[in-house]
Amino acid sequence: MNPVGAHMSVAGGPSRAFQRLEAVGGECLQIFVKPNVQWAAADLSLEEVHRFQEEQARTGVNPVVAHASYLLNLASPDAGLRRRSILTLALEIVRSARLAIPYLILHPGSHQESSLAVGIRRIASGLDQALKRAAVPEVGLLLETTAGAGTQIGHRPEHLRDILGHSRNQARLGICLDTSHVFAAGFDISREEEGEKFLEELDRQVGLGRLRVVHANDSRTPLGSRADRHTHIGEGYLGRGVFARLLHDPRLAGRPFILETPKGPAGDQSRDAVNIRTLKELRR
Ligand SMILES: [Zn+2]
Ligand SMILES: [Zn+2]
């Protein structure tokens, strides 16, 4: 069975995310391990790490995964920004390890005025450098499929294949499938046949064994829009069918399905509860 859950706020400390998830019936969790739109991060205290472990044990939530900061761009032609991205990724790997989080998910990067090929090589060497600097063996890095906005890399399976191919740390790398991004990138996974073709292509290029996490989001923008806008399950262009199919696909057995759908005003999580209930119905 696939555990279903959501990305939750860590306001007040990472351990607080468990209560928020519990309130909406989630079984697996995604968090940011540092503020996602600023470079700096306060230290993770021993007390907070301990509280986090206690809360995970109390709630039985499994797995917990991390999503890297939105500021990172390992493919950047700007040497300073790229260096900063590598150092910050290393820090996020270390913080994930301290919280015993097995996977850190990141967007591969944008090549900007460089070529796609150069961008891909920069990402692979950036991942290698961050893993070396972090020097913790436990955390795997998952490259997320992207919508392909601007010069974003990762909207085609062969991009992910080539990043893996250029890295010296293939055993530490995997992928995260975001349903809304794949659809926005032009793969019509709302239709059964097209969805199957896409999974077969992903299997051929990367191997579905490397697919460790699914981001379960409906899409507010149409097929091929290359725009990244998530909406509630069944309320977008994808519809419920694709989620039912993925939740019953034996090739994805056991993978966590994590919502990144909009919260209501002032942190209202009632829509998370509805979406989680829907995913639980669809996996029956
Ligand atoms: Zn993401
Ligand atoms: Zn995502």
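Is Thr278 buried or exposed? At 7% relative accessibility, Thr278 counts as buried; the class buried means under 20% relative accessible area, exposed means over 50%, and partly exposed lies in between (1.4 Å probe, protein chains only).

1. Basis of the note. This is a predicted model, in which local features need pLDDT of at least 70 and side-chain atom pairs count only at pLDDT 80 or more, while totals for chains, interfaces and linings use all residues. Residues are numbered from 1 along each chain as its sequence is written, chains are lettered from A and ligands numbered from 1 in the order in which they are written, and side-chain values use heavy atoms, with hydrogens and water left out.

2. Thr278. This residue, Thr278, belongs to helix 9. Helices (H or I, at least four residues) and strands (E, at least two) are DSSP runs, numbered from the N terminus. When residues up to four places away in sequence are not counted, Thr278 touches Ile233 and Arg240; contact means heavy atoms within 4.5 Å.

3. Zinc ion (ligand 1). His67 (NE2), His107 (NE2) and Glu144 (OE) coordinate the zinc ion (ligand 1) at 2.1 to 2.2 Å. Donors are N, O and S atoms within 2.8 Å of the metal (3.2 Å for Na, K and Ca), and since water is not among the atoms, sites may look incomplete. Along the sequence, the donor residues of the zinc ion (ligand 1) have the spacing H-x39-H-x36-E. His107 sits in the loop between strand 4 (103–106) and strand 5 (109–110), and Glu144 in strand 6, so the pair ties together parts that are 37 residues apart in sequence. With a relative accessible area of 23%, His107 is partly exposed, whereas Glu144, at 1% relative accessibility, counts as buried.

4. Zinc ion (ligand 2). The protein donors here are Glu144 (OE), Asp178 (OD), His215 (ND1) and Glu260 (OE), which lie 2.0 to 2.2 Å from the zinc ion (ligand 2). Their spacing along the chain is E-x33-D-x36-H-x44-E. The arrangement is irregular because the four donor atoms subtend angles of 90 to 172 degrees around the zinc ion (ligand 2). By the criteria applied, four donors count as tetrahedral if all angles lie between 85 and 135 degrees; four count as square planar and six as octahedral if opposite donors are over 155 degrees apart and all others between 65 and 115; anything else is irregular. For reference, ideal angles at a metal are 109.5 degrees for four tetrahedral donors, and 90 or 180 degrees for six octahedral ones.

5. The bridging residue. Glu144 bridges the zinc ion (ligand 2) and the zinc ion (ligand 1), and the two ions lie 3.4 Å apart. Glu144 is in strand 6 (residues 140–144) and Glu260 in the loop between strand 12 (257–259) and helix 9 (270–283), so this pair ties together parts that are 116 residues apart in sequence. Both Glu144 and Glu260 are buried.

6. Asp218. The position of Asp218 is in strand 10 (residues 218–219). Asp218 is buried yet has no salt bridge, and the nearest side chain of opposite charge, Arg240, is 8.0 Å away. Lys and Arg count as positive and Asp and Glu as negative; His and the chain ends are not counted. A polar atom of the Asp218 side chain lies 3.3 Å from the backbone nitrogen of Glu235, and the side chain of Asp218 reaches the backbone nitrogen of Gly236 at 3.0 Å. A polar contact is a pair of N or O atoms within 3.5 Å; within protein, one must be able to donate a hydrogen and the other to accept it, and residues adjacent in sequence count only if both atoms are side-chain atoms.

7. Salt bridges between separate elements. The whole structure contains 13 salt bridges, each defined as a side-chain nitrogen of Lys or Arg within 4 Å of a carboxyl oxygen of Asp or Glu. One of them joins the side chains of Arg58 and Glu22 (3.0 Å, N to O). Arg58 is in helix 2 (residues 46–59) and Glu22 in helix 1 (residues 16–23), so the pair ties together parts that are 36 residues apart in sequence. Another joins Arg283 and Glu27 (2.8 Å, N to O). This pair links distant parts of the chain, with Arg283 in helix 9 and Glu27 in the loop between helix 1 and strand 2 (28–31), 256 residues apart. Arg283 counts as buried at 14% relative accessibility, and Glu27 as partly exposed at 24%.

8. A salt bridge within one helix. Glu201 and Arg204 meet through their side chains (2.7 Å, N to O). Both lie in helix 7 (residues 192–205), three residues apart, about one turn of the helix. Arg204, at 62% relative accessibility, counts as exposed.
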